[in-house]
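Please look over the chain shown here, and then follow the questions and answers below, which take its parts one after another.

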Amino acid sequence: MIKVLVATDKPFAPVAVKGIRKVVEEAGFELVLLENYSSQDDFIKAVADVDAVIIRSDKADKTVIDAGSKLKIIVRAGAGYDNIDLQAATAKGVVAMNTPGQNSNAVAELALGMMVYYVRSFFNGKSGAELMGKKLGIHAYGYVGKNVARIAKGFGMDVYAFDPYVSRQDIEKDGVKWVGTVEELYRTCHFISLHIPANSQTKQSINYALLSNMPSPACLINTARAEVINEADLLKMFNDRKDFAYLSDVEPSNKAEIETNFKAKFFCTPKKMGAQTEEANINAGIAAARQIVKFINNGDRTYQVNK
Ligand code: 3PG
């Protein structure tokens with residue numbers, strides 16, 4: 001019997017697991033659940049006799065992929081697949097997929113939620129500010145970026161976007177101002193929301209040269225990946241610009257230092273929370289299960305990312 005492992009260090013909501021189980025069992029497959037596991041060894045052991053794996057930010061590295069002697073497919077229930085060793089998967093003939101768009105509204109709502117929390121002085125009773133009329137720059141206009149634009153427009157924000165992979169027409173038809181260069185986006189906007197993936201081109205690309213050109217007051221929101229930030233430059237921004245704030249759903253490695261010295265200008269979720277809603281878990285988890293069933297039964301490779 002085909003075995004599908006759900007390996008989630010940060011578990012899906014129970015209602016999503018129920019939905020995943022239904023899809024898997026209706027296909028005549030068996031579901032194996034590994035949640036809240038304490039070490040990578042547990043993942044390596046669990047993958048040994050399964051045909052398919054569903055993960056979130058769990059690390060599907062070479063050791064995991066090599067341990068899966070029957071493994072045929074890994075689906076990242078979510079957008080970013082920087083946690084899968086694609087080279088190792090391809091070398092072993094394992095198909096890797098993601099589930100684009102399925103959790104994007106949840107991430108976008110968190111981005112806006114953190115912005116409101118910050119401009120309202122972390123709800124501490126002091127007078128704050130409003131988002132209406134303020135310039136928001138969306139750095140990468142994919143599924144999450146589009147949702148951020150939609151919600152921000154509801155707040156009455158003045159929304160700009162930069163994305164070299166999306167046409168000017170596609171950005172402008174959403175009532176968003178198209179920006180031709182990343183430098184212009186940062187020069188123009190008081191708020192910048194990051195939605196770039198972590199890859200060899202983007203890692204550490206958010207640096208002092210970009211950030212220091214932001215108008216005052218400046219606020220960077222990161223619901224993407226910690227790796228895209230140059231952390232030494234982030235610290236330099238905090239030191240040089242008293243108006244600079246950083247709101248993050250992905251923990252910087254220098255979090256303790258930032259928290260101690262710049263408490264009023266910094267917020268970081270204790271655990272990545274962007275996609276942590278029942279709705280996003282249901283959407284992404286069930287999409288992942290369906291993709292596995294379609295791949296095993298019909299060889300459907302839609303959403304394959306290691307082509
Ligand atoms: C994604 O890439 O889909 C998001 O970062 C969500 O990640 P998570 O599933 O680990 O919460």
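Q: Into which domains is the protein chain divided?
A: In this predicted model, the assignment gives domain 1 two stretches, 3–102 and 276–298. The other part, covering 104–268, is domain 2, and the division is therefore into domain 1 (3–102 + 276–298) and domain 2 (104–268).

Q: What area is buried between domain 1 and domain 2?
A: The centres of the two domains, taken over C-alpha atoms, are 30 Å apart, and 8 residues of domain 1 are in contact with 5 residues of domain 2. Carbon and sulfur atoms give 51% of the area buried between them, which is about 510 Å².

Q: Which residue meets Asp82 in a salt bridge?
A: Asp82 is among the residues of domain 1 that lose the most area to domain 2, together with Pro100 and Gly101. Across the interface of the two domains the rule finds 1 salt bridge. At 3.1 Å from N to O, the side chain that meets Asp82 in a salt bridge is that of Arg225.

Q: What span does helix H5 reach from its first C-alpha to its last?
A: Helix H5 (residues 104–119) has 16 residues, for which 22 Å is expected at 1.5 Å a residue.

Notes: Residues are numbered from 1 along each chain as its sequence is written. This is a predicted model: local features need pLDDT of at least 70, side-chain atom pairs count only at pLDDT 80 or more; totals for chains, interfaces and linings use all residues. Side-chain values use heavy atoms; hydrogens and water are left out. Helices (H or I, at least four residues) and strands (E, at least two) are DSSP runs, numbered from the N terminus. The expected span of a helix is 1.5 Å times one less than its number of residues. Contact means heavy atoms within 4.5 Å. Buried area is the accessible area (1.4 Å probe) that two parts lose on being put together, summed over both. A salt bridge is a side-chain nitrogen of Lys or Arg within 4 Å of a carboxyl oxygen of Asp or Glu.
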